[in-house]
Amino acid sequence: MLATKDLCFGYEEGEEVLTRINLDFSLGKVTGIVGANGSGKSTLFMNLLGLLKPTSGEVLWQHQGIHYDKAGLYQLRKNVAMVFQDPDQQIFYTDIKSDIAFSLRNLGVSETLIEERLNTVLTLVDAKSFCHKPIQYLSYGQKKRVAIAGALMLDAPCILLDEPTAGLDPKGREHIIQIINKIVAEGKHVVISSHDIDLIYQICDTVYVLDKGQIALSGQPEDVFLHTERIKEAQLTQPWLVKLHVQMGIPLYRTEEALFASAAFLKSESVEKS
Ligand SMILES: Nc1ncnc2c1ncn2[C@@H]1O[C@H](COP(=O)(O)OP(=O)(O)O)[C@@H](O)[C@H]1O
Ligand SMILES: [Mg+2]
């Protein structure tokens, strides 16, 4: 699985944007990288994908440092796929199916196999109803799903999603959560960068908090987000379920469904007593 060892990176000499980053995505199925704007999330992802090269330290795949020659990067792309924050950065064709199929067609895969895989990924992102439309007629959320489909085409075991819910309305956000759950159910590792703290708390089993290019905290979300002061220092807020716990002494729930189920239980108990 993907990992980094003491990764440092700067766009300009002497100005470090990422400092000694150690990550191991084999620790969880869904890993969250949370950080305020400018904390280095996208820069980190571009290092993980080999688009940027660390100034020092390494990106590792199965414990081996990646190679930056054509063969090494080809190998990495078979294992790691990324969905950029802005779908327009990723979608090049007006025709949706051609865009999604690009990576496989580029590899010379047969049209029968391409059609099969297209069918699978279009179903997964729920895009079959609009995949015949030209790309410019799609909503932002639909474009986002097309970009995810494109990244899934090569069936890489590790998928990086940079700010997957940014700019989406609640319905679009919920849709992306469902898609992430489906990708995880296929046995893939998913890494999500976001400052949507409630999203990270809800769906990640491992979290790294990035503050000015350094890992400030890491571990399971229910532990990491209890560090009230450090979270604030990183210019983030705690997930609302954690706030309820810290400020009102309510037990720590991982999902709002769990909280509401227990609230319903308490209500039924008090009705019985009265
Ligand atoms: N192409 C670039 N050239 C120089 N500095 C950059 C470039 N891209 C990002 N930065 C700087 O690197 C830092 C981290 O940015 P970024 O990785 O985009 O953070 P995030 O994704 O967490 O918002 C910021 O200070 C940003 O201004
Ligand atoms: Mg970013």
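Two strands count as paired when DSSP finds at least two bridges between them. Strands here are DSSP runs of E with at least two residues, helices are runs of H or I with at least four, and both are numbered from the N terminus.

Some housekeeping. This is a predicted model, where local features need pLDDT of at least 70, side-chain atom pairs count only at pLDDT 80 or more, and totals for chains, interfaces and linings use all residues. Residues are numbered from 1 along each chain as its sequence is written, chains are lettered from A and ligands numbered from 1 in the order in which they are written, and side-chain values use heavy atoms, with hydrogens and water left out.

I start at the hairpin. W61 has Q64 in β5 as its bridge partner. Strands β4 and β5, the latter being residues 64–65, pair in the antiparallel sense over two bridges. Two residues separate them in the hairpin, and Q62 in the turn has a positive phi of about 50°.

Next, the other neighbour of β4. Residues 56–61 form β4, which pairs with β1, residues 2–9, in the antiparallel sense over five bridges. Opposite W61 in this pairing stands L2. On β1 there is also an antiparallel pairing with β2, over four bridges, where T4 stands opposite L23.

Put together, that gives an open sheet of four strands, antiparallel, in the order β2-β1-β4-β5. Its edge strands are β2 (18–24) and β5, each pairing on one side only.

Now the ligand. Which residues are around ligand 1? They are Y11, V17, A36, N37, G38, S39, G40, K41, S42 and T43, taking a residue as near if one of its heavy atoms lies within 4 Å. A backbone N or O atom of G38 is 2.7 Å from one, a polar side-chain atom of K41 is 2.8 Å from one, and a backbone N or O atom of S42 is 2.9 Å from one. Taken alone, ligand 1 exposes 560 Å², of which the protein buries 55%. Accessible areas are Shrake-Rupley values with a 1.4 Å probe, and for residues only the protein chains shown count as cover.

Last, the surface. F92, Y93 and F102 make a nonpolar patch of about 370 Å². Patch residues have over 30% relative accessible area and no salt bridge, with nonpolar side chains (Val, Leu, Ile, Met, Phe, Trp, Tyr) joined within 5 Å and like charges within 9 Å. A salt bridge puts a side-chain nitrogen of Lys or Arg within 4 Å of a carboxyl oxygen of Asp or Glu. Y93 sits in the loop between β6 (80–83) and α3 (96–106). Its relative accessibility is 37%, so Y93 counts as partly exposed, the class between buried, under 20%, and exposed, over 50%.

Methods
Buried < 20%, exposed > 50% of the residue type's maximum accessible area, 1.4 Å probe, protein only. Polar contact = N/O pair within 3.5 Å; in protein donor to acceptor, adjacent residues only side chain to side chain.
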